[in-house]
Amino acid sequence: MGETDKDDLISIIEEDDDTEIPNVLPLLPVRDVVIFTDMLLPLFVGREKSVRAVEESVSKARFIFIATQKDPGIENPKPDEIHTVGTVSRILRMLKLPDGRVKALVQGIVKARIVSYVRKRSLYRVRVDIIKEELVPVPGIEIEAMMRNVREFSEKILAIRGELTGDVGAILDSIEDPGKLADLVASNLKLKLDESQDLIEIVDPVKRLKKVNDLLSREVELSTMQAKIQSDVKDEISKSQRDFFLREQMRAINRELGELDEKTQELEEYHKKIKRSKMSETANLEAEKQLKRLEQMHPDSAESTVVRTYLDWLVEMPWQKSTKDIIDIKKAKQVLDKEHYGLDKIKDRILEYLSVRKLNPNTKGPILCFVGPPGVGKTSLGQAISRAMKRRFTRISLGGIRDEAEIRGHRRTYIGALPGRILQGLKQAGSNNPVFMMDEIDKLGSDFRGDPSSALLEALDPEQNFEFSDHYLNLPFNLSKVMFILTANLTDTIPSALMDRMELIHLSGYTDEEKLDIANDYLIPRQIRENGLKSRQISISKGALLQMITEYTCEAGLRNLEREIGSLCRKVARKKAEGVKGDFTITKTNLPTFLGIPKYYPEMDKEESQVGLSTGLAWTQAGGEVLYVESSLIPGKGDLIVTGQVGEVMQESARAALSYARANMKNYGIKPNILDNQDIHIHVPAGAIPKDGPSAGIAMATALISALSDAQVKSDIAMTGEITLRGRVLPIGGLKEKTLGALRAGIYTIIIPEKNRKDLTEIPKNVRRRIKFIAVKHMDDVLSNALIRIEPKRRTKKKTVVKKSGSGRATRSVPGKI
C-alpha cells in the first residue's frame with residue numbers, strides 16, 4: 001500500500017455509475033489490511049494472480065472482491081487460507097508500473113461472503129453472497145449514548161496524536177448510522193488483523209459499534225500512556241539540555257572570575273595525583289588518555305563513573321613507593337627469637353636473605369612456602385619477618401578461591417570490576433615491597449571460571465613478576481620487590497609448576513618440652529593479659545601444664561593448648577569478678593576441677609601386647625599420628641579383605657604383604673595349609689577417615705604374619721616403611737612429623753628404613769635422646785624386633801640399631817637392644 005497521486009492515474013469510471021454488482025467476481029487476496037465499507041485505499045498489486053484479477057475487474061464491471069488472507073507470510077494463498085468474509089470494492093483508478101506491478105485506488109462498497117470458488121488456476125474467481133445489514137430506524141437512548149461515546153473517544157485519540165481538526169469532528173457528527181460509524185472508526189484505528197477481521201464479520205451494526213467502543217477505550221489508555229512516556233522523555237531531555245546550558249554558563253562565568261568549577265577542580269586534582277604517583281611511562285600515558293576521556297564526558301554519566309574509579313586505582317597504586325629496609329642482622333635475630341621459640345632453620349634462612357639484601361639491595365625477593373600442620377606459627381612468623389625487616393605486612397587467604405579473576409582481577413567491561421587480590425593487597429599496604437603472605441595455598445580450587453593456581457605462576461616467578469599484568473589495570477606492575485610468603489598444610493595438592501617456583505620450608509610441630517617452654521614464655525602471659533588478670537593472681541605448675549599438653553590436647557601445634565590456658569584464665573577471672581579473695585595456683589590435683597576430665601590418654605592403647613595388632617605411623621596435615629593395623633583370620637577360602645577406608649596404595653601394600661607372607665610361611669613357622677579354609681581380614685581403625693600411602697606396608701605385614709603365626713606384636717614399638725614382594729624395606733617421608741606423633745602417643749621405640757637414617761639429623765636432639773630408632777633393611781629385621789615369639793629361620797643377618805653418642809649424633813651399634 002502507499003499514497004497515490006490521483007492526477008497520474010488513468011480514470012476508469014464515472015462518479016455516478018450505478019452498475020449492479022454481479023454475484024461472480026474476481027478475488028484479490030490482501031496481506032496486511034482489512035477493507036471496510038466506504039474505505040478508500042491505494043493498493044500495490046504484485047502477485048500474478050492478483051494482477052490478472054485487477055485487469056479482469058477493470059475490463060468488465062470494475063467490481064472486485066477483496067478478502068484478507070489468514071497468514072500474511074504466505075506468498076500464494078490457497079482458498080482455505082483466505083477469509084470468507086470480505087468487501088466488494090470498486091477500482092476507481094489504476095496505473096501499471098514499469099516493473100509489472102499495478103497501483104490501484106479502491107473503495108469498499110458492501111460486505112459479502114464467499115459462497116464458492118468458480119475458478120482457481122490463472123486467477124481466483126468467486127461466487128459471493130452480499131451481506132445485508134439491518135437498518136436501525138430510530139436509534140434509542142442506549143445506542144445514541146454509545147455513538148456519542150465513540151465520537152468522543154475518537155476525538156480524544158486524535159487530540160492526543162495531534163491530528164484532530166474541525167473537519168474530522170464534523171464528519172463524525174454527520175454519521176447517524178451505527179454500522180457506518182463503526183466501520184469509519186475501525187478503518188482509522190491501528191488494530192491487529194484478527195481484531196479487524198472479527199469486526200467485519202459482525203453483521204449486527206449495534207454489536208459492531210459496541211465492539212468498536214471497547215477497542216476505543218483500550219486505545220485511549222494506550223495512547224494516554226504513550227503520550228505520558230513521550231512527555232517524560234521530552235522533559236528529561238529538555239532538563240538535561242537546560243542543565244548542560246546552565247552548567248556551561250556557570251563555567252564561563254567562573255572563568256571570567258578566575259574561579260574553577262567542580263569538574264575542572266576534579267580534573268586538576270587528577271592531574272596533580274598522576275604527577276605525584278610517579279607511575280611508569282606506560283601507565284602515565286594510559287592515565288592521561290583516560291583523563292581526556294573523562295573531560296569530554298558528562299559528570300553524571302555511567303561511563304564517567306567507570307573511568308573515575310579506574311583513575312582512582314591508578315593514582316593510588318604504590319608504583320614507586322617503597323619502605324626503606326633497616327637491616328640490622330643482630331636486631332632482626334633478636335626480634336625473631338623474641339616472638340618465636342625454636343624454628344632455627346627458618347630463622348637462619350630469613351637472616352641469610354637479610355644478609356644478602358644488605359650486601360646487594362637490588363636482589364629479587366624470595367618466595368618462601370611454610371609447610372606444616374595448623375597452629376605451628378606459620379602466619380605469625382610472616383608478621384615477625386615484616387617487623388624484623390621494618391616492612392609493611394599484608395595478608396590474603398587463598399582457601400576456597402576458584403575464580404581466576406580473584407587473582408588477576410576482572411576486566412573493566414564488567415559492572416563492579418576490581419583488580420585482583422594481589423594488587424588490592426599492595427594498595428592496602430601502601431608500598432611496592434611489603435611482606436606479602438598468602439595463606440592456604442594448598443586449598444586453591446578450580447572450575448569453569450579458571451584455575452587460580454595457574455594465574456599465580458606469573459606473580460610468583462621472579463623472572464616474570466617484574467611485569468605482572470592485572471586484567472583490570474591492564475598495565476605492567478613490578479612485583480619483584482615484594483617478599484612473598486606462602487603457607488600450606490600439605491604439598492600434595494599444590495601444582496608442581498607452582499611448587500617449583502617456591503622454596504619449601506617445613507615446620508613439623510613441637511615436642512612436649514618445646515610446648516612447655518612456649519606456654520611459659522608466650523601463651524600464659526598473653527592469656528593472662530587478654531583476660532584482665534595480673535601475673536600474681538594465677539600460676540600454673542609445670543606438672544599441670546604438662547598434663548594439659550598430654551591429656552587435654554593432642555596436636556602438632558599450639559592452638560588447642562592456648563584455648564585450654566585461656567579457659568583456665570577465664571574461670572579464674574570469673575571467680576575474681578565474683579569477689580573471691582586470694583591468688584590461684586593450678587596443679588595436677590585441681591586441674592580437673594577447672595578443665596574437666598582428661599580428653600586423651602596417650603598410653604591407653606598399649607597396655608599389653610596382642611596377636612595381629614601392630615602400630616604404624618601416619619603423616620597428616622595435622623602432623624604425625626599413630627596408626628593401628630589389625631589383622632584377623634576368619635573362616636573362608638583364603639581371600640584378603642581390607643577395610644577402614646584405605647586408598648589404593650594401602651590396598652596394594654596389603655596384597656604385597658600377603659604375597660610375602662605366603663612366600664615365606666616356612667621361615668616364620670606358619671602352617672602351609674592355614675589359608676585353605678580361612679580368609680584374612682585387615683582393618684585400619686577410624687574407618688570414617690580416608691587413609692592412603694605406602695609407609696604402612698611393614699605395619700600391615702607385621703600384623704598379618706603375627707595373626708598367621710600366632711605371635712604377639714610388642715605394644716611399645718611403632719614402625720614405618722614401605723614393603724616390597726621380596727621383603728625389602730623402602731624409605732618414607734615425614735619422619736620428623738611421625739616421630740613427634742609417636743612421642744605424643746607415649747611410644748619410645750620406632751622401626752625406620754635404613755635409608756631414612758640420614759633424616760635423623762632433622763629431629764631435635766632432645767627427641768633423639770628420648771626415642772630409640774631401629775634402622776632396618778629387610779622384613780626379617782622388622783619381625784625379629786617387633787614380634788615376641790619368632791626368629792626367622794632363613795635370614796641370620798644382624799639387625800641395625802641407631803644409638804646416640806655423647807654428641808647427640810646417631811651411630812651404628814653392635815647387635816642388641818639399647
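In which kind of crossing does helix 17 pass helix 19, left-handed or right-handed? In this predicted model, helix 17 passes helix 19 in a right-handed crossing. The two helices, residues 512-530 and residues 559-577, pack with their axes 10 Å apart and at an angle of about 45 degrees. That angle makes helix 17 oblique to helix 19. As for who touches whom, helix 17 brings Lys 515, Ala 519, Leu 523, Ile 524, Arg 526, Gln 527 and Ile 528 to the meeting. On the helix 19 side, they meet Leu 561, Glu 562, Ile 565, Gly 566 and Cys 569.

Now for the chain as a whole. It has 25 helices and 29 strands, and 47% of its 818 residues count as buried. Take the contacts between residues at least 6 apart in sequence: 73% of them join residues at least 24 apart.

Next comes an open sheet of five strands, paired in parallel and ordered 9-10-13-8-14. Strand 9 (393-397) and strand 14 (503-506) sit at the edges, each pairing on one side only. On average, neighbouring strands here are turned by 20 degrees against each other, direction ignored. Inside the sheet, five bridges link strand 8 (residues 367-371) to strand 13 (residues 483-488) in the parallel sense. One spot to look at is Phe 370, which stands opposite Thr 487 in strand 13. Helix 12 (residues 378-389) lies across strands 8, 9, 10 and 13, and it runs at about 175 degrees to strand 10 (435-439).

In soluble globular proteins, nonpolar side chains tend to be buried together. Here, the largest nonpolar core holds 49 residues, and Ile 441 and Leu 456 touch the most other members. At least two residues each come from helix 7 (262-277), helix 8 (281-296), helix 9 (302-316), strand 8, helix 14 (421-429), strand 10, helix 15 (452-459) and strand 13. Helix 9 gives the most, with six residues. What does Ile 441 contact, leaving aside its neighbours within four places in sequence? Its partners are Cys 369, Leu 398, Leu 456, Leu 486, Thr 487, Ala 488, Ile 494 and Leu 498. Another core, of 48 residues, lies apart from this one, with Met 389, Leu 568, Phe 584 and Ile 586 among its members.

Six of its eight residues are buried, so helix 15 is largely enclosed by the rest of the structure.

Strand 18 (residues 613-620) joins strand 19 (residues 623-635) in the antiparallel sense over eight bridges. In this pair, Ser 614 has Val 629 of strand 19 as its bridge partner. Strand 19 also runs antiparallel to strand 21 (residues 678-683), with six bridges between them. There, Leu 633 stands opposite Ile 680 in strand 21.

Methods:
Residues are numbered from 1 along each chain as its sequence is written. This is a predicted model: local features need pLDDT of at least 70, side-chain atom pairs count only at pLDDT 80 or more; totals for chains, interfaces and linings use all residues. Side-chain values use heavy atoms; hydrogens and water are left out. Two strands pair if DSSP finds at least two bridges between them. Helices (H or I, at least four residues) and strands (E, at least two) are DSSP runs, numbered from the N terminus. Axes are lines fitted to C-alpha atoms, for helices over the stretch in contact, and angles run from 0 to 180 degrees between N-to-C directions. Contact means heavy atoms within 4.5 Å. A nonpolar core is a set of buried Ala, Val, Leu, Ile, Met, Phe, Trp, Tyr and Cys residues joined through side-chain atoms within 4.5 Å. Buried means under 20% relative accessible area, exposed over 50%, partly exposed in between (1.4 Å probe, protein chains only). Angles under 35 degrees count as roughly parallel, over 145 as roughly antiparallel, 65 to 115 as roughly perpendicular and the rest as oblique. A crossing is left-handed if the near helix is turned anticlockwise from the far one by less than a right angle, and right-handed if clockwise.
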